[in-house]
Amino acid sequence: MTTAVIGASGQLGTDLPKFLSGEVVSIRHSDMELTDSDSINSCLDRIRPEVVINTAAYNLVDKAEDEGHQAMAVNFLGPARVARWCLENDATLVHFSTDYVFGALSFEALTNNPQEPVASSPRREIDLAVPGSIYAQSKLAGENMVRSICRRHFVIRTCGLYGVAATRGVGKGNFVETMLLLGAERDELAVVNDQHCTPTATRDLAQATAELITTEKYGLYHATNSGATTWHDLAAEIFRQAKIDVKLRPLTTEEFGAKAARPAYSVLNCQKLESAIGRPMPAWQDALRQYLIDRTQNLATDQR
Ligand SMILES: NC(=O)c1ccc[n+]([C@@H]2O[C@H](COP(=O)([O-])OP(=O)(O)OC[C@H]3O[C@@H](n4cnc5c(N)ncnc54)[C@H](OP(=O)(O)O)[C@@H]3O)[C@@H](O)[C@H]2O)c1
């Protein structure tokens, strides 16, 4: 069986081939442009995969507020075109989405009680998603296209990804790398402490995805490491594990003042995935520990 991985130089795209069986063909941005139907069709026609895994996306959450057209072209129209190729060529499509589809307010809060500020229990696949930013709208539109066009699909929502590809300066980087960099430069840092979610190692997501797609239990899934935290508490754990001495100060989302709205609570309920693959993904603290080991090995290999 041939599996094509789109977005192969990104964080998740780098880790996926480590866990997939059969022939794996890596498709980089230079091989395929998601905003161009001809590029998608000619690349996939050449490879003729039975499974297509799309990890590519426009991921610049704040910039998307000014570049909505580009975010929609990559995150909405791109997956729709890939789904169309999969439908016409009898291939399975695996596509990734985001916890940000659960925006600042829950659907229940919007409809029943506008005063209710945040949801506070892990969000399930059947919960209605109300995106709060252009990026989130583009990702929700993309997942809906995949689900409606291609019957044999896995749409996997995840959160706060970090993977070793970021140590090579690939893509937009990740939160762990940013904290390690800032921690080495500064004595004190202020980090947002009122956004609750579950940061996830791409290595663990790649492994769980490889297991899930062998089940043929198609559908929408939530997949993150286990547990929940805030960006502030994640930063504290990064500095504790990396033995970096930095004074941390909690910030509110309002004080931080990012351009795009982020959900205050987007912890994902992963029970459906756990039933499908027969296990939970590792705890976020253990995933971080493994990442710090892997990145050190990666950096050492790169220096040789
Ligand atoms: N990162 C997160 O925190 C996070 C959180 C939740 C969900 N997700 C989702 O998880 C998936 C994987 O994320 P990731 O962090 O692994 O992404 P990533 O590291 O940013 O990699 C994305 C890849 O997509 C490629 N790409 C961007 N625009 C493209 C286009 N127009 N055509 C073709 N390729 C294009 C990029 O290539 P270039 O760099 O060469 O442009 C890059 O290799 C994405 O669907 C993302 O939305 C990510």
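Let's start at one end of the sheet: strand E10 (residues 219–222) runs parallel to strand E5 and is joined to E5 by four bridges. Here strands (E, at least two residues) and helices (H or I, at least four) are DSSP runs numbered from the N terminus, and two strands pair if DSSP finds at least two bridges between them. In this pairing, phenylalanine 154 stands opposite glycine 219 in E10.

A word on the model: it is predicted, with local features needing pLDDT of at least 70 and side-chain atom pairs counting only at pLDDT 80 or more, while totals for chains, interfaces and linings use all residues. Residues are numbered from 1 along each chain as its sequence is written.

Back to E5. It also pairs with strand E4 (residues 92–98), in the parallel sense over six bridges, and histidine 95 stands opposite valine 155 there. Strand E5 (residues 153–158) is mostly covered, with six of its six residues buried (20 or more other C-beta atoms within 10 Å of the residue's own, C-beta atoms being placed from the backbone). In a regular strand, side chains alternate between the two faces of the sheet. In E5 both faces are covered: His153, Val155 and Arg157 sit on one side, Phe154, Ile156 and Thr158 on the other.

Now zoom out. The open sheet has six strands in the order E2-E1-E3-E4-E5-E10, with parallel pairing. Strand E2 (23–27) and E10 are the edges, each pairing on one side only. The twist averages 20 degrees from one strand to the next (axes are lines fitted to C-alpha atoms, for helices over the stretch in contact, and angles run from 0 to 180 degrees between N-to-C directions).

Conventions. A residue is buried if 20 or more other C-beta atoms lie within 10 Å of its own, exposed if 12 or fewer, and partly exposed in between; C-beta atoms are placed from the backbone.
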